[in-house]
Amino acid sequence: MSYLRVSGTKVVDGGGKEVVLRGAGLGGWMNMENFISGYPGCEFQIRAALAEVVGPIKSEFFFDKFLEYFFQEEDAKFFKSLGLNCIRLPFNYRHFEDDLNPRVLKEGGFKHLDRVIDLCAQHGIYTILDLHAAAGGQNTDWHCDAGTHIANFWLHKDFQDRTIWLWKELAKHYANNKWIAGYNPLNEPTDSTHTAVIKFYDQVYDAIRSIDTEHVIFFDGNTFASDFSHFGDMHKKWQNTAYSIHETADYSVYGFPASPEDYVSSDDQRQRMKKSYERKREWMDQHELCVWNGEWGPVYARKQYDGLATNAINERRYKVLKDQLAIYNQDRLSWSIWLYKDIGFQGMVYVAQETSYMALLEDFLAKKHRLAVDAWGADTTQVQHIYQPLIDHITKEIPQENQNLYPFPVWKLSHRVGRLSRSILVTEYLVKEWAEHFRGKSEDELDEIAKSFKFENCLRRDGLNKILMDNAAVVEL
């Protein structure tokens with residue numbers, strides 16, 4: 001077996017044969033996320049809260065079991081059965097070092113990452129290592145687990161230096177593993193200067209290449225993997241490198257509750273989708289570089305919240321999905337849909353309502369949905385009247401030229417108000433309430449709750465999976 005490598009605009013094997021990577025992201029696993037796993041706020045907050053309620057030993061036991069059950073043999077078999085060949089593995093830096101003990105490697109961080117990489121390899125599935133949460137927070141959102149909307153990663157050199165150190169440790173550990181397709185050094189950076197990210201990429205590239213000259217490096221564009229406008233001629237130095245766009249920020253609003261209109265696959269709608277996609281990959285096309293779509297895909301309605309409209313909504317979302325894939329297939333684009341498993345909003349498989357976890361948190365999850373505290377795919381219908389006066393107040397009092405703060409246009413003014421008020425402020429008051437559901441639970445009970453995430457306790461989103469399977473096969477024809 002040979003390493004995969006980049007040749008021009010393609011990923012190829014050792015014999016020069018094109019390998020189109022088609023798969024999903026294992027979001028919510030080694031980097032937990034609120035809308036995926038059903039908690040409020042950030043992972044570091046709920047880990048601390050659970051340790052306070054049940055004690056550190058039981059808390060660590062629960063989270064370790066969660067990681068164990070989230071992806072196992074049955075998951076790999078199912079994934080491969082769809083004809084998919086690559087899983088993006090998002091992980092949190094906190095698995096490998098502590099903020100109060102920086103640059104001291106936690107060997108235990110490799111326990112589950114090694115297990116899943118090896119499991120995937122046994123089933124002929126490549127993996128891509130994705131640093132989804134870096135020290136200090138590399139972007140303005142919840143999924144870098146920083147608890148703030150300030151991307152402090154770009155303001156403190158030490159955060160960047162620690163991340164370079166971590167990638168050197170990861171490269172040492174994985175340099176000889178040929179089932180790893182490559183490294184994704186930083187998920188969705190939001191660097192307001194647009195130049196610090198280029199400097200950091202150059203440093204982390206040199207650090208990785210000082211140890212590992214074989215694996216592909218996948219660099220995300222700036223501003224949530226959407227903007228390569230400042231990358232210039234750096235591609236001339238970065239060898240065996242691909243460039244990652246994320247199709248989750250703008251046109252895919254058609255696949256979200258906030259869609260301005262029902263998606264009917266009209267010529268205008270499909271043209272808007274195509275233009276957005278082409279705009280994101282413009283720099284790569286100008287220089288004949290390799291493109292990988294690291295995240296994309298709609299979210300789905302749920303009967304407990306959307307009632308009789310659920311099926312009709314999801315059929316429209318499947319139309320969005322099919323039209324996205326039709327565009328990608330024209331370019332034989334490698335992609336990783338977001339995501340493989342969750343509690344029912346976006347996953348290819350999702351935890352059944354009858355499981356211990358979902359039963360325990362049923363009322364809390366409904367409250368969280370009503371309050372729209374998760375930024376991803378939020379339906380603000382029931383709370384917009386509360387926040388609209390604040391939006392109106394800012395719009396009235398702040399001059400128009402000062403309203404569009406970075407990362408505009410991905411974050412418009414209303415998005416910023418929502419992130420800061422609902423997704424940061426209100427969630428702080430919900431963290432302890434989530435943890436209290438676990439009070440008094442024995443280890444056996446905690447184990448049973450964690451088992452809710454096992455494949456056997458999950459349902460399959462058949463409409464989504466059929467579309468992915470059909471399109472994975474297209475590129476093999």
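User: How many aromatic pairs does the count come to?

Analyst: The count comes to 43 aromatic pairs. The rule covers rings of Phe, Tyr and Trp (its six-membered ring), with centres within 6.5 Å. Planes under 30 degrees apart count as stacked, over 60 as edge-to-face and the rest as tilted. This is a predicted model: local features need pLDDT of at least 70, side-chain atom pairs count only at pLDDT 80 or more, and totals for chains, interfaces and linings use all residues. Residues are numbered from 1 along each chain as its sequence is written, and side-chain values use heavy atoms, with hydrogens and water left out.

User: What makes the pair F62 and F63 edge-to-face?

Analyst: The ring centres of F62 and F63 are 5.3 Å apart and the planes meet at 70°, so the pair is edge-to-face.

User: Why does F62 count as buried?

Analyst: Buried means under 20% relative accessible area, exposed over 50%, partly exposed in between (1.4 Å probe, protein chains only). F62 has 2% relative accessibility, so it is buried. F63 also has 2%, so F63 counts as buried.

User: What lies over the face of F63?

Analyst: R47 does, at 4.3 Å from the ring centre. The rule asks for NZ of Lys or CZ of Arg within 6 Å of the ring centre and within 35 degrees of the ring normal. K341 lies over the face of F70, at 5.3 Å from that ring centre.

User: Which residues form one aromatic cluster?

Analyst: Among them are F153, W154, F200, Y201, F219, W238 and W283.

User: Which residues have the most contacts inside the largest nonpolar core?

Analyst: L129, Y340, M348 and W434 do, in a core of 111 residues. Helix 7 gives the most to this core, with eight residues. A second, separate core has 14 residues, including V6, L21, C86 and W292. What makes a core is a set of buried Ala, Val, Leu, Ile, Met, Phe, Trp, Tyr and Cys residues joined through side-chain atoms within 4.5 Å. In soluble globular proteins, nonpolar side chains tend to be buried together.

User: What does W434 touch?

Analyst: Leaving out residues up to four places away in sequence, W434 touches G38, Y39, P40, I46, L50, F63, Y357, L361 and F364. Contact means heavy atoms within 4.5 Å.

User: Is L446 buried or exposed?

Analyst: L446 has 1% relative accessibility, so it counts as buried. L446 is in helix 18 (residues 443-450). Helices (H or I, at least four residues) and strands (E, at least two) are DSSP runs, numbered from the N terminus. Beyond neighbours within four places in sequence, L446 is in contact with K58, F61, F62, F438 and K441.

User: Why is Q45 called buried?

Analyst: The relative accessible area of Q45 is 18%, so Q45 is buried. Q45 belongs to helix 2 (residues 43-54). Its contacts, not counting residues up to four places away in sequence, are E428 and V431.

User: How many bridges join strand 5 to strand 6?

Analyst: Four bridges join strand 5 (residues 126-133) to strand 6, and the two run parallel. Two strands pair if DSSP finds at least two bridges between them. I128 stands opposite G182 in strand 6. Strand 6 (residues 180-184) is mostly covered, with five of its five residues buried.
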